[in-house]
Amino acid sequence: MTKSSAILFILFFSLIFKLEELRAALVLVVLLIAGGLFMFTYKSTQFNVEGFALVLGASFIGGIRWTLTQMLLQKAELGLQNPIDTMFHLQPLMFLGLFPLFAVFEGLHLSTSEKIFRFQDTGLLLRVLGSLFLGGILAFGLGFSEFLLVSRTSSLTLSIAGIFKEVCTLLLAAHLLGDQISLVNWLGFALCLSGMSLHMALKALHSRGNGGPKPPKNLGSSPDLELLLRTSQQEDEESEEGYFMTQGQQ
């Protein structure tokens with residue numbers, strides 16, 4: 001329930017950094033989704049003060065993170081519209097931030113594990129390394145898709161997509177693990193879907209009003225594109241000159 005507050009923080013910082021315009025429809029979408037998720041997970045766990053503070057702090061910092069990421073991705077002068085460029089600059093800093101936590105909480109256990117560093121079974125080592133490699137590919141794909149979505153839409157849309165994932169997780173938990181869903185939970189589920197549907201409808205109307213997708217403004221500043229255009233223009237001019245010379249000789 002506390003995690004659902006992330007969309008409120010994202011909206012708050014998007015308004016502060018002027019990434020979104022304050023509209024009644026946008027506020028309604030956020031309230032429907034956040035309130036629906038709150039109702040959908042109501043009484044699903046016991047309250048814990050420390051956990052509440054940690055998750056609330058994570059939601060607050062996540063709101064700042066994704067709004068700043070949107071600013072980086074959508075500023076043409078920075079040249080970070082390509083998600084690969086963004087990951088190239090941000091992932092090393094993310095690694096440096098997580099490595100101390102890894103070293104403290106998992107470093108000793110991993111260094112003494114018989115599955116990797118003190119392995120005795122080569123097949124087990126290859127299976128573990130394969131699992132790590134597959135997890136790394138999936139994580140890379142997830143990060144790439146997140147940055148691509150934010151660069152093309154907004155951090156608010158990314159948050160709504162994440163909430164859709166949470167709703168699917170809760171539904172699978174109820175179906176596979178036997179979690180009980182009350183009438184209040186189902187009403188919250190309906191509110192969540194209503195908010196998501198309204199957001200998609202507003203996006204579709206907004207894109208239709210703008211006449212469809214527009215090309216990025218910074219394409220003309222690409223050196224490769226400028227060279228390609230100059231070469232094409234020169235070839236066109238040469239072909240026209242050759243045509244006129246042929247006509248004159250005839």
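The model is predicted: local features require pLDDT of at least 70, side-chain atom pairs count only at pLDDT 80 or more, and totals for chains, interfaces and linings use all residues. Residues are numbered from 1 along each chain as its sequence is written, and side-chain values use heavy atoms, with hydrogens and water left out. The secondary structure comes to nine helices and zero strands, where helices (H or I, at least four residues) and strands (E, at least two) are DSSP runs numbered from the N terminus.

**Overall composition**

- From the N terminus on, the elements run α-α-α-α-α-α-α-α-α.
- Buried residues make up 23% of the 250 residues in the chain; buried means under 20% relative accessible area, exposed over 50%, and partly exposed in between, for a 1.4 Å probe and protein chains only.
- Of the contacts in the chain with a separation of 6 or more, 75% come from residues 24 or more positions apart, a contact being heavy atoms within 4.5 Å.

**Helix α1 and its pairing with α7**

- The axes of helix α1 (residues 6-16) and helix α7 (residues 155-176) come within 9 Å and cross at roughly 175 degrees.
- These axes are lines fitted to C-alpha atoms, for helices over the stretch in contact, and the angles run from 0 to 180 degrees between N-to-C directions.
- Helices α1 and α7 are therefore roughly antiparallel to each other; angles over 145 degrees count as roughly antiparallel, under 35 as roughly parallel, 65 to 115 as roughly perpendicular and the rest as oblique.
- On the α1 side, Ile7, Ile10, Leu11 and Ser14 meet Ser155, Leu156, Ser159, Ile160 and Ile163 of α7.
- By class, this contact of α1 with α7 has six nonpolar, three polar and no charged residues; Ala, Val, Leu, Ile, Met, Phe, Trp, Tyr, Cys and Pro count as nonpolar, Asp, Glu, Lys and Arg as charged, and the others, Gly among them, as polar.
- The buried residues of α1 are Ile7, Ile10, Leu11, Phe13 and Ser14, and the buried residues of this helix pack against α2, α3 (49-73) and α7.

- Lys18 is found in the loop between α1 and α2 (24-40).
- Although Lys18 is not a glycine, its phi is positive, at about 60 degrees.
- Lys18 is exposed, with a relative accessible area of 74%.

**Helix α2**

- The 17 residues of α2 should span 24 Å at 1.5 Å a residue, and its end C-alpha atoms are 24 Å apart, which agrees; the expected span is 1.5 Å times one less than the number of residues.
- Leu26, Val29, Val30, Ile33, Ala34, Gly36, Leu37 and Phe40 are the buried residues of α2.
- Seen down the axis of α2, these buried residues fall within an arc of 160 degrees, so they line one face of the helix; the arc is that of the directions from the helix axis to the C-beta atoms.
- The face of α2 turned away from its buried side carries the exposed residues Ala24 and Leu31.

- Ser59 lies in helix α3 and counts as buried at 5% relative accessibility.
- Not counting residues up to four places away in sequence, Ser59 touches Thr2, Lys3, Ser5, Ala6 and Phe9.
- Leu54 also lies in helix α3, but Leu54 is exposed, with a relative accessible area of 63%.
- The C-alpha atoms of Leu54 and Thr2 are separated by 9.6 Å, with the two residues 52 residues apart along the chain.
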